Every structure is written in C-alpha cells, then in structure tokens.
Amino acid sequence: MKRATAAAAVPVLALLVGAVPAQAQTVASGSLSFSGDPGDWISGGGSYAYSTDTKDRLTVNATEDHNHVAVSVSGFNSDWWTLDLVAPSGTGLTAGTYDGATRYPFQGADAPGLDLSGNGRGCNTLTGTFTVQNAVFGPHGYVQTFDATFEQHCEGGTTAARGAVHIANPPAPPELGIGLKVATDGTASTLDGNAYLHGTVQCTGPATVTLSGAATQVKHNVIIRGTYSTQVACTPGAPVAWKGTVVPAGTTPFQKGKAEVVTQATALDPTYNTNVSVDDTTVVTLVKG
C-alpha cells in the first residue's frame with residue numbers, strides 16, 4: 001500500500017558533473033515498489049507501491065552508453081521518488097548483480113552507484129546492492145525493458161530499504177534518416193560573382209534540414225572560396241529540392257569551370273532530441289549565368 005511519510009531536512013551536497021540521463025520518456029507500463037525495516041530512514045519502516053495501472057506516472061531515462069538508468073515516480077497521491085542505478089564507469093547496465101554500490105553521483109569510478117530518494121528524504125551516504133534481471137535499450141538511451149531489484153542502507157546502518165522496478169515500453173522508434181544529393185551542375189553568375197548550387201534531400205520523417213557548406217575553385221593560380229547555408233522543410237516520400245548561394249570570400253568571383261563543394265545536411269530527430277547529419281563532397285561544374 002502507499003503510505004505517506006513526513007518530510008525531513010537532508011543536508012545538501014553539491015552534484016558532481018558527469019554523464020546523466022538526457023530525455024525522459026513516459027513509461028507505458030511499469031511499477032516501482034519498496035519497503036523498509038523499522039528505523040530505515042527512507043521508507044520509515046513502511047511499504048510503497050506505484051504503478052501505471054493505478055494512475056501513477058513513471059518516467060525513465062538512460063545515458064547513451066546505458067551506464068545509468070533513472071526512474072522517477074509522480075504518485076497519484078502526490079508522492080515523488082527517484083531511483084538511480086549506475087554501473088561502474090565505462091560499462092553499461094546488463095543482467096547481473098552489482099555489489100558494493102554507494103551513493104550516486106559520488107560513487108568511485110570502479111564502483112556501481114545507487115540512490116533511492118524522495119518525499120523529502122535522502123541518504124547523505126549509503127551502501128547497497130542491486131540486481132538487473134533484464135535490460136533492453138534502443139537508440140540514444142531509449143529504455144524498452146528494465147527489471148531490477150535493489151537494497152539500500154543509509155549512513156552505514158544495518159536497516160535497509162528493499163524494492164523492485166519493472167519497466168515495459170514499446171520497441172524503440174526508428175531514428176530519423178536523411179539523405180543528401182548535390183547536383184553536379186551549377187551557375188557562376190557574371191552579375192554578382194556568386195556560385196549557385198542545387199540538389200535534393202530526403203528524410204524518413206518530417207524535419208527541417210539545414211544545409212551548410214563551402215565551395216572552392218582555383219582559377220589562374222587564384223583560390224576562390226565561399227560558404228553557404230540554407231534550410232528546407234523535408235517530408236518523407238519524395239526528394240525535396242534545395243538551392244544554395246555561395247558568396248566568394250574575396251574580390252575574385254566564381255567563374256566557369258569545376259569547383260569542389262563540401263556540404264553537410266543536419267536535422268533534429270524529434271523522437272530522440274538529437275542531431276542527425278550526413279556529409280557530401282561533390283565536384284560541381286559551374287557554367288556562366
């Protein structure tokens with residue numbers, strides 16, 4: 001059953017800078033439950049159970065390297081708790097038992113980290129252990145399945161809080177994919193000296209694609225360079241045309257002939273809140289225009 005505890009002041013320690021879970025995802029189906037011995041500071045000797053089936057809101061997030069999983073509970077009764085489970089530095093969480101855990105984020109590089117806190121209660125120092133039964137991740141720290149049990153002792157005490165977490169989400173959505181094509185023909189303007197380029201982009205989902213690049217041309221032992229940037233709204237299903245204007249950096253205009261064009265196309269993947277990029281180098285033949 002859910003049982004409220006009285007909030008108590010806990011000395012505040014500065015957080016260490018490190019890899020932390022980024023974008024929280026709402027748990028489709030999951031639970032967090034724990035209980036404690038009489039005298040345990042976190043549980044107050046009580047029992048707590050939260051589940052998406054009973055209208056409690058659970059979120060989960062993980063680091064890119066799967067080293068750290070954080071589960072947060074916003075209870076229907078206004079309770080709030082956070083559980084952090086961290087593997088030793090340089091490793092990802094996999095099925096197995098992690099002994100010798102100390103308080104996250106102050107654990108040593110070779111030690112696992114653990115922290116159950118909430119409702120105004122937390123440990124200054126802690127020791128504990130946790131066991132991961134199942135862990136399935138997707139791209140960019142997406143958590144599909146995560147099942148674990150844990151035991152936590154505050155301040156070196158013998159009393160403990162013990163619990164379990166279960167997370168079940170749908171399979172990870174695919175990452176955004178983008179494609180880039182730079183046409184091999186372009187125009188060198190005799191009016192303003194600019195080079196005019198064009199091409200197409202493709203994407204697997206709706207995205208705003210930013211194209212940025214540079215063109216280099218050598219004429220009569222003179223190097224002509226310039227950069228360009230443009231944006232295009234990309235929708236899946238068909239190539240979308242783009243155009244770019246390259247302004248020469250110096251006083252020498254772009255001219256008829258070949259130029260090397262280096263281009264990068266970048267778009268934000270809205271599902272994972274990460275940038276996706278593709279690079280291209282093309283030799284473009286400029287004609288007078």
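# Loops and strands in a predicted protein chain

Pro112 sits in the loop that runs between the strands β7 and β8; strands here are DSSP runs of E with at least two residues, helices are runs of H or I with at least four residues, and both are numbered from the N terminus. The model is predicted, so local features need a pLDDT of at least 70 and side-chain atom pairs count only at pLDDT 80 or more, while totals for chains, interfaces and linings use all residues. Residues are numbered from 1 along each chain as its sequence is written, and side-chain values use heavy atoms, with hydrogens and water left out.

Which residue is 26 positions from Pro112 in sequence, with 5.4 Å between the two C-alpha atoms? That residue is Val86, and Val86 is also among the residues in contact with Pro112 when neighbours within four places in sequence are left aside; contact means heavy atoms within 4.5 Å. The list for Pro112 also includes Ala87, Pro88, Gln107 and Phe130, as well as Tyr98 and a run of residues from strand β7, including Asp99, Gly100, Ala101 and Thr102.

Tyr98 belongs to strand β7, which covers residues 96-103, and this tyrosine is buried as well, at a relative accessible area of 12%. Not counting residues up to four places away in sequence, Tyr98 touches Pro112 together with Ala87, Pro88, Gly92, Leu93, Gly128, Thr129, Phe130 and Val132. Between Tyr98 and Leu85, which are 13 residues apart in sequence, the distance from C-alpha to C-alpha is 9.5 Å.

## Side chains that reach the backbone

Asp56 is placed in the loop between β3 (47-51) and β4 (57-62), where it is buried with a relative accessible area of 4%. The side chain of Asp56 also makes a polar contact of 3.0 Å with the side chain of Thr54.

Gln25 lies in strand β1 (residues 25-26) and counts as buried at 13% relative accessibility. Beyond its neighbours within four places in sequence, Gln25 is in contact with Leu58, Thr59, Val60, Gly141, Tyr142, Val143 and Asn169. Ile167 is part of strand β11 (residues 161-168), and its relative accessibility of 2% makes it buried.

## Backbone features in the loops

The loop between β7 and β8 (113-118) also holds Pro105, and the peptide bond that leads from Tyr104 to Pro105 is cis, with omega near 5 degrees. Asn119, in the loop between β8 and β9 (126-137), has a positive phi of about 50 degrees although it is not a glycine, and this asparagine is buried at 9% relative accessible area. A positive phi is also found at Asn273, near 55 degrees, and Asn273 lies in the loop between β18 (257-269) and β19 (274-288).

## The chain as a whole

How many helices and strands does the protein chain have? There are 0 helices and 19 strands. The radius of gyration, taken over C-alpha atoms, is 27 Å, well over the 19 Å that the globule rule gives for 289 residues, so the chain is more spread out than a compact globule; the rule is 2.2 Å times the number of residues to the power 0.38. Along its principal axes the C-alpha trace spans about 85 × 35 × 35 Å.

Of the 289 residues, 45% count as buried, and among the contacts with a separation of 6 or more, 63% join residues 24 or more positions apart.

Technical notes: Buried means under 20% relative accessible area, exposed over 50%, partly exposed in between (1.4 Å probe, protein chains only). A polar contact is a pair of N or O atoms within 3.5 Å; within protein, one must be able to donate a hydrogen and the other to accept it, and residues adjacent in sequence count only if both atoms are side-chain atoms.
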